[in-house]
There are 2 protein chains.
Amino acid sequence: MDGKVYLVGCGLGEKHLTLQALKAIRDSEVILYDRLLDKRILEKAECKKIPLGKKMREPMPHEGWGKKGKGKNQERINKLLLKYANEGKTVAVLKVGDIFHFSRGFDAYRFLRSNGVEVEVVPGVSTHQVLSELGIPLTYRDGSSSVSLINANWISESKECGGLDADTLVFYMPVGNLENIVGKVRRRKRKVYCMLVENAGKEDYRVISGGLGDIVRLAGEALVEPPAIFVVSPYERKPYCKRITAFYMKGDGCAREIDGIPVEGYPLDSSRSLSRVIKEAETLYVKSPQALDRLCKTAPVKLLNSKTILVGGAATAASSKKAGLHVDFMI
Amino acid sequence: MDGKVYLVGCGLGEKHLTLQALKAIRDSEVILYDRLLDKRILEKAECKKIPLGKKMREPMPHEGWGKKGKGKNQERINKLLLKYANEGKTVAVLKVGDIFHFSRGFDAYRFLRSNGVEVEVVPGVSTHQVLSELGIPLTYRDGSSSVSLINANWISESKECGGLDADTLVFYMPVGNLENIVGKVRRRKRKVYCMLVENAGKEDYRVISGGLGDIVRLAGEALVEPPAIFVVSPYERKPYCKRITAFYMKGDGCAREIDGIPVEGYPLDSSRSLSRVIKEAETLYVKSPQALDRLCKTAPVKLLNSKTILVGGAATAASSKKAGLHVDFMI
């Protein structure tokens, strides 16, 4: 019997797994998997499982992208896949995101097909697609009719960068290169909004927002680390809600409205129990690092992370990172 | 109890359904669905089901995109969703592809959130992602580090079009506007390859390939109709295989190799039975419309569609459409 290779994009977590991916996992006798893969996905496989490569800091399966001599790992993987297929085995390669998106999936496809191996490609939810969950539209009528997805690893001051003239720009793997990216964009665009999304698709994601003039500084102050994705959009993202519940220290004071949305304020340094208020709130505003620390002592992080969270600035966003709390908006 | 709205991207068919989408469908008491949705997806729901809008010719849920006065349908949908949510019901909107991609999903998101309704966005596999199944990479090392997705509905001779400077271009809804698109691209790019993919993600998809100089004519000759997606790439897609099995009429003659791949030829107008040859072939080459007609009388379309299919030109590609046969390559 002939072997078969599945090249599977698994999305960013178990919930993104498609029925096609699930079938591929269950059909396979051997699985090669991305170390960053959601462990719950791996548990669905009851066969031989081999981890791939080193632990990557970025979410995309991009080892060797654009760097010389780094393709060797993929060569080894290709040969291993061919060996299994020639033995008549069904093998799956499981990757985070979409396996053809800024990855070496195509290398494997071409190599295996040219060697007469049956290959099934399974597309998966990619990082830019989960931005919609955060209310960040990449395309929308009367505002953005084009979006480009750009590998930020390639960007340098001296090199041309493609895709910058689209209405919305999405940069993959931006963190180490944010200054160069912003430099390139500034030469092309003026009135745009910047959003750096750390851990997109995870519970403790954070959205650091700003303009082209201050996003590099804000990202530094908020201690953003890979994996992250960077969006430049003509559209200003706003908190959509009916009311905002604000938690503050008496010394900080409290706004009455944010973006035209009424604010109900609760001081954290009072004797009143806030458990019920927190539980019923949908959108929280936490002004300062002190207020954030206090709030995290008052309510479990899991409960807080089920809400939309607004913070007062980059310092509060930095505190949220330590607490494992996500941030939706920086006001 | 509070209501909830799921905005669900369902991909291009049942196999693309994610676990998150499946849960949304099973949780819901009412479902509003795109008429183009795979019927097998709808069968998974055992609740009230309401079809949306008119039958669209393109695969994307793009009604009203960029056209004045066409947003009314979405307004009605939004109000209906709010009504159900206010009654405490869980509702899902099911769309083909990704619900935030060239669609009005964001309108619904913003409207519902601003009215205090809980919204869960479920990303789905989009048309450009299934191109990988056809061996069309949108990004790859040393060749394409940026890709732009462009709504071709917006493109006109007089208007600026964003995204044209990316390495790879993907146009959604291109068929009625191919001449304008190609005109725009010709001003920016020279050595590129064009692929017009009809029915991407379906069994009877066809890939019509050519250059900027002849793709409009070839698309016309091959009788391409919506839904389709148009790719402009610096990368020439080739048939990756070990050997090609060619079927021809004796008068046509037969090549010995294609793209360096050895060809084994079988005349269709001989007394020899070809059932076994067809069954065992992986990549078929059919030179002329006559040969294609004859081949379809010899073997079931379903069997032929499980192979990679190369055809001799646009006329043979046109015949394939009538026969329900997909085309991978035009030689």
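Let me start with a term. A residue is buried if 20 or more other C-beta atoms lie within 10 Å of its own, exposed if 12 or fewer, and partly exposed in between.

One caution before we go on. This is a predicted model.

Let's take the two chains together. A rotation of 180 degrees, with 0.0 Å of shift along its axis, puts chain B onto chain A. The RMSD of that superposition is 0.0 Å. That is the relation of a two-fold axis. Both copies use the same surface: 100% of the contact residues of chain B recur in chain A.

How many residues are in contact? On chain B it is 51 residues, and they touch 52 residues of chain A. Now look at the side of chain B that touches chain A. Three elements each give at least two residues to it: α1 (19-27), α4 (105-114) and β6 (146-151) of chain B. Which of them supplies the largest share? That is β6(B), with six residues. By type, this side of chain B holds 22 nonpolar, 19 polar and ten charged residues.

Stay with β6. Strand β6 of chain A, residues 146-151, is joined to β6(B) by five bridges. The two strands run antiparallel.

Next, chain A by itself. It is divided into domain 1 (4-125), domain 2 (128-233) and domain 3 (244-330). How far apart are the C-alpha centres of domain 1 and domain 3 of chain A? They lie 41 Å apart.

Now a sheet in chain A. It is open, and it has five strands. The order is β3-β2-β4-β1-β5, and the pairing is parallel. Where are the edges? They are β3 (48-52) and β5 (118-122) of chain A, and each pairs on one side only. On average, neighbouring strands of this sheet are turned by 15 degrees against each other, direction ignored.

Zoom in on one pair. Strand β2 of chain A, residues 30-34, pairs with β3(A) in the parallel sense, over five bridges. Here A:Tyr33 stands opposite A:Pro51 of β3(A).

A helix belongs in this picture too. Helix α3 of chain A, residues 72-86, lies across β1 (4-9), β2, β3 and β4 (90-95) of chain A. It runs at about 150 degrees to β4(A).

Last, some backbone details. Start with the prolines. The peptide bond from A:Pro226 to A:Pro227 is cis, with omega near 0 degrees. A:Pro227 sits in the loop between α6 (215-221) and β10 (228-233) of chain A. Chain B has a cis bond from B:Pro226 to B:Pro227, again with omega near 0 degrees. B:Pro227 is in the loop between α6 (215-221) and β10 (228-233) of chain B.

Then the two loop residues I promised. A:Phe102 is not a glycine, yet its phi is positive, near 50 degrees. A:Phe102 lies in the loop between β4 and α4 (105-114) of chain A. A:Asn199 is not a glycine either, and its phi is positive at about 55 degrees. A:Asn199 lies in the loop between β8 (193-198) and β9 (206-210) of chain A.

Buried or partly exposed? A:Phe102 has 30 C-beta neighbours inside 10 Å, so it counts as buried. A:Asn199 has 19 C-beta neighbours inside 10 Å, so it counts as partly exposed.

Conventions: Residues are numbered from 1 along each chain as its sequence is written. Chains are lettered from A and ligands numbered from 1 in the order in which they are written. This is a predicted model: local features need pLDDT of at least 70, side-chain atom pairs count only at pLDDT 80 or more; totals for chains, interfaces and linings use all residues. Two residues are in contact if their C-beta atoms, placed from the backbone, lie within 7 Å. Helices (H or I, at least four residues) and strands (E, at least two) are DSSP runs, numbered from the N terminus. Ala, Val, Leu, Ile, Met, Phe, Trp, Tyr, Cys and Pro count as nonpolar, Asp, Glu, Lys and Arg as charged, and the others, Gly among them, as polar. Two strands pair if DSSP finds at least two bridges between them. Domain bounds come from an automatic or database domain assignment. Copies are superposed by least squares on the C-alpha atoms of residues with pLDDT of at least 70 in both. Axes are lines fitted to C-alpha atoms, for helices over the stretch in contact, and angles run from 0 to 180 degrees between N-to-C directions.
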